[in-house]
Amino acid sequence: MQVAITTSPSTPLPVETLLSRMRADGVIVNIFLTEQCNFVCEHCFYAAGPHLPKGYITNETLGKIKRCIDILLDDLIVQRVTVNLIGGEPTLNLKEFKRCYDITMEWCRERGYQINWEMTTNGW
């Protein structure tokens, strides 16, 4: 799980301030579905490409991510989570993408407004 809060290294924020910002703004959970991509972009910080394995994230791993999201919401650490499906290119294998989409959309239906859904794609 990735939580990005910008702060200056020379003046770190107190934990209470970070938690307060997380509660107010929520967090984005980037779920890396696959290393496979149809492009080789120099700017890709995931170093994804067509030469990498074609496998997708497992249901077991998605379940572990869901448990972490539930803890964040149930323990009132945050009020809102945004789930972002990323890759490689998450839509290269549409059957696998649909499996991941269906699972994460079920999370949204279960939690209502507390979970938002988005995807990062190259739009191939």
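**Helix packing and a buried strand**

Tutor: In this predicted model, helices H2 and H3 cross with a right-handed sense.

Student: Which residues of H2 and H3 make the contact?

Tutor: A contact is read as a set of residues from each partner. H2 contributes Asn-59, Leu-62, Ile-65, Lys-66, Ile-69, Asp-70, Leu-73 and Asp-74, while H3 supplies Arg-99, Cys-100, Ile-103, Trp-107, Glu-110 and Arg-111. Sorted by class, these comprise seven nonpolar, six charged and one polar residue.

Student: At what angle do H2 and H3 pack, and how far apart are their axes?

Tutor: The angle is about 20° between H2 (residues 59-74) and H3 (residues 94-111), and the axes lie 11 Å apart. H2 is therefore roughly parallel to H3, since angles under 35 degrees are placed in that category.

Student: Turning to the strands, how many bridges join E1 to E2?

Tutor: Strand pairing is read from bridges and direction. Six bridges connect E1 (residues 27-32) with E2, and the two strands run parallel. Within this pairing, Ile-28 is opposite Thr-82 of E2.

Student: Which residues point each way from E2?

Tutor: Val-81, Val-83 and Leu-85 point one way, whereas Thr-82, Asn-84 and Ile-86 point the other way. Six of the six residues in E2 are buried.

Student: Why does Asn-84 count as buried?

Tutor: The assignment rests on relative accessible area, with buried meaning under 20%. Asn-84 has a value of 5%, so it is buried. Leaving aside residues up to four places away in sequence, Asn-84 touches Ile-28, Val-29, Asn-30, Ile-31, Glu-118, Met-119 and Thr-120.

Note on methods
Residues numbered from 1 in each chain as written. Predicted model: local features only at pLDDT ≥ 70, side-chain atom pairs only at ≥ 80, totals over all residues. Heavy atoms only, no water. Axes fitted to C-alpha atoms, helices over the stretch in contact; angles between N-to-C directions. Helix = DSSP H or I, 4+ residues; strand = E, 2+ residues; numbered from the N terminus. Parallel < 35°, antiparallel > 145°, perpendicular 65-115°, else oblique. Left-handed = near helix turned anticlockwise from the far one by under 90°. Contact = heavy atoms within 4.5 Å. Nonpolar A, V, L, I, M, F, W, Y, C, P; charged D, E, K, R; others polar. Buried < 20%, exposed > 50% of the residue type's maximum accessible area, 1.4 Å probe, protein only. Pairing = 2+ DSSP bridges.
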